[in-house]
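Trainee: I have a model open and want to go through it with you. Where do we start?

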Amino acid sequence: NFAHRLRWAHAVNSLRVLRQALRSNAHFVEADVSAGTLMEEKQDPASESPNAATAETSVATSSKIPIIMAHYPTQRSSDLSFELFVAAVLKHNAQVDGDGLDSLENAADAP
């Protein structure tokens, strides 16, 4: 049975955890999508919490609240936007599949 060999990366709701997940042997990535404050990543990689400065994303609610990767209600801010999460996972998958981003972009342009 193959199912017992599958590996999951759970709670991929920050840049640090996303980087770890994409470098790991995980087959699947689980994350939470929420609306909240998008924080800038701290310059100090040893730090666990994001900077107080806010970052920007083009994906937001109608009220202009950024769509972020966070487990509501316990997390209401994140340094990882939904937009960046999707782009990073798609790029990673294209590289793993060996197709590269060109084929991914061409597929998006196809009718």
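Trainee: What pLDDT does the chain average?
Mentor: This is a predicted model. Of the residues, 76% score at least 70. The chain averages a pLDDT of 83.

Trainee: Which element of the chain has the lowest mean pLDDT?
Mentor: Strand S3 (residues 33-35) has the highest mean, 98. The lowest mean is 50, for residues 100-109. Where pLDDT is low, the predicted coordinates should not be read in detail. The element with the lowest mean is helix H3.

Trainee: How many contacts beyond four places in sequence does the model have for residues 107-111?
Mentor: The pLDDT stays under 50 over residues 107-111.

Trainee: Is the Trp-8 and Phe-28 pair stacked or edge-to-face?
Mentor: A search of the whole structure finds 1 aromatic pair. The ring centres of Trp-8 and Phe-28 are 4.7 Å apart. Their planes meet at 25°, and planes under 30 degrees apart count as stacked. So the pair is stacked.

Trainee: Is Trp-8 buried, partly exposed or exposed?
Mentor: Trp-8 has 47% relative accessibility. Buried means under 20%, and exposed means over 50%. Trp-8 therefore counts as partly exposed.

Trainee: Which element gives the most to the lining of the second largest pocket?
Mentor: The pocket has a volume of about 170 Å³. Helix H1 (15-23), strand S2 (28-29) and helix H2 (82-97) each supply at least two lining residues. With 4 residues, the element that gives the most is H2.

Trainee: How many charged residues does that lining have?
Mentor: Phe-28 is among the lining residues. By class, the lining has 7 nonpolar and 3 polar residues.

Key. Residues are numbered from 1 along each chain as its sequence is written. This is a predicted model: local features need pLDDT of at least 70, side-chain atom pairs count only at pLDDT 80 or more; totals for chains, interfaces and linings use all residues. Side-chain values use heavy atoms; hydrogens and water are left out. On a 1 Å grid over the protein atoms alone, a cavity is a set of points where a 1.4 Å probe fits but cannot get out, and a pocket is an open set with protein on both sides within 12 Å along at least five of seven lines; lining residues have an atom within 4 Å of a point. Grid points are joined across faces, edges and corners, and a volume is the space filled by probe spheres set on the points. Ala, Val, Leu, Ile, Met, Phe, Trp, Tyr, Cys and Pro count as nonpolar, Asp, Glu, Lys and Arg as charged, and the others, Gly among them, as polar. pLDDT is the predictor's confidence in each residue, from 0 to 100. Contact means heavy atoms within 4.5 Å. Rings of Phe, Tyr and Trp (its six-membered ring) pair if their centres lie within 6.5 Å; planes under 30 degrees apart count as stacked, over 60 as edge-to-face and the rest as tilted. Buried means under 20% relative accessible area, exposed over 50%, partly exposed in between (1.4 Å probe, protein chains only).
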